[in-house]
Amino acid sequence: MKNRLKVLRAERDWTQADLANALEVSRQTINAIEKGKFDPSLPLAFKASRLFNMAIEDIFQDEQA
């Protein structure tokens with residue numbers, strides 16, 4: 001799954017740890033999601049959506065699309 005987390009995080013000058021704290025996950029989880037090694041759970045995707053005030057589809061895109 002492709003995602004824009006790294007770009008959105010950089011636009012806010014946040015570290016992976018900052019984003020991890022805001023989403024209540026580990027920094028390693030953020031790293032894995034940004035690198036496409038791990039897909040977020042639906043609740044985590046909703047949390048990110050609320051945090052960035054964006055639709056889930058604007059943050060995460062299916063590789064098939």
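**Chatting about helix α3**

Student: What do the buried residues of α3 pack against?
Tutor: They pack against β1 (2-3), α1, α2, α4 and β2 (60-61). Helices (H or I, at least four residues) and strands (E, at least two) are DSSP runs, numbered from the N terminus. This is a predicted model, where local features need pLDDT of at least 70, side-chain atom pairs count only at pLDDT 80 or more, and totals for chains, interfaces and linings use all residues. Residues are numbered from 1 along each chain as its sequence is written, and side-chain values use heavy atoms, leaving out hydrogens and water.

Student: OK, and which residues of α3 are buried?
Tutor: I30, A32, I33 and E34. Buried means under 20% relative accessible area, exposed over 50%, and partly exposed in between (1.4 Å probe, protein chains only).

Student: What else does E34 touch?
Tutor: Leaving out residues up to four places away in sequence, E34 touches N3, L5, K6, R9 and Q16. Contact here means heavy atoms within 4.5 Å.

Student: Let's look at R9. Where is it?
Tutor: R9 is in helix α1. R9 is buried too, with a relative accessible area of 11%. A polar atom of the R9 side chain lies 3.0 Å from the backbone oxygen of W14.

Student: Which residues is R9 in contact with?
Tutor: Setting aside neighbours within four places in sequence, R9 meets W14, T15, Q16, L19, E34 and F52.

Student: New topic! At what angle do α2 and α3 pack?
Tutor: About 105°, with the axes of α2 (residues 16-23) and α3 (residues 27-34) 8 Å apart. The two helices are therefore roughly perpendicular to each other. Angles of 65 to 115 degrees get that label, while under 35 counts as roughly parallel, over 145 as roughly antiparallel and the rest as oblique.

Student: Which residues make the contact?
Tutor: From α2, they are Q16, A17, L19, A20 and L23. From α3, they are R27, I30, N31 and E34.

Student: And how many residues has the largest nonpolar core?
Tutor: It has 14 residues, and L5, L19, L23, F52, I59 and F60 have the most contacts inside it. At least two residues of this core come from each of α1 (5-11), α2, α3, α4 (42-52) and α5 (56-59). A nonpolar core is a set of buried Ala, Val, Leu, Ile, Met, Phe, Trp, Tyr and Cys residues joined through side-chain atoms within 4.5 Å.

Student: Which helix gives the most to this core?
Tutor: That would be α4, with 4 residues.

Student: Last one: what comes just after α3?
Tutor: G36, which takes a positive phi of about 75°.

Terms used:
Axes fitted to C-alpha atoms, helices over the stretch in contact; angles between N-to-C directions. Polar contact = N/O pair within 3.5 Å; in protein donor to acceptor, adjacent residues only side chain to side chain.
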